[in-house]
Amino acid sequence: MAIIVKGKGKSIARKRRHLRLRKKIAGTAVRPRLVVTRSNRNIVAQIVDDGVGRTLVSASSLEADLRGAEGDKTAKAKKVGELIAERAKAAGIDAVVFDRGGNKYHGRVAAVADAAREGGLAL
């Protein structure tokens, strides 16, 4: 059964792109999915096992230690990427599938992916 998102606008187009992307990407126990959710102010990264439907590891710019961090939004996104890689390594995860959430692979989304890659995760 196909899910159809109708309408116009930026958020509808992002949802449509995300659904199109999710047809091809799924997280497994061996290689879970790294989901990046972006708002205008904050960024959240989660590692999800779609077989069980469970979040294994998460990091957010809303956390207490990152909330007071200096720098712009891209710098905070890099810190979220480093934190998610560190937590994933502690949980025994070393390879993930990257899910950009319908956003362009640019700016803050790319900063999370690059920092996670530098932290030791294989994307």
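Visitor: What volume does the largest pocket have?
Guide: This is a predicted model, in which local features need pLDDT of at least 70 and side-chain atom pairs count only at pLDDT 80 or more, while totals for chains, interfaces and linings use all residues. Residues are numbered from 1 along each chain as its sequence is written, and side-chain values use heavy atoms, without hydrogens and water. A pocket is an open set of points on a 1 Å grid over the protein atoms alone where a 1.4 Å probe fits, with protein on both sides within 12 Å along at least five of seven lines; a volume is the space filled by probe spheres set on points joined across faces, edges and corners. For the largest pocket, this volume is about 250 Å³.

Visitor: Which helix gives the most to the lining of the largest pocket?
Guide: Lining residues have an atom within 4 Å of a grid point; among them are Lys10, Arg14, Asn103 and Arg108. Helices are DSSP runs (H or I, at least four residues) and strands are E runs of at least two, numbered from the N terminus. Both α1 (10-22) and α4 (108-118) supply at least two lining residues. The greatest contribution, four residues, is that of α1.

Visitor: How many residues of that lining are charged?
Guide: Asp, Glu, Lys and Arg count as charged, Ala, Val, Leu, Ile, Met, Phe, Trp, Tyr, Cys and Pro as nonpolar, and the others, Gly among them, as polar. The lining has one nonpolar residue and five polar residues, and its charged residues number six.

Visitor: Which side chain forms a polar contact with that of Glu63?
Guide: Glu63 lies in the loop between β3 and α2 (64-67) and counts as buried because its relative accessibility is 19%. Leaving aside neighbours within four places in sequence, Glu63 is in contact (heavy atoms within 4.5 Å) with Ser58, Leu83 and Arg87. A polar contact pairs N or O atoms within 3.5 Å, one able to donate a hydrogen and the other to accept it; residues adjacent in sequence count only if both atoms are side-chain atoms. At 3.0 Å, the partner of Glu63 is Arg87.

How values were computed:
Buried means under 20% relative accessible area, exposed over 50%, partly exposed in between (1.4 Å probe, protein chains only).
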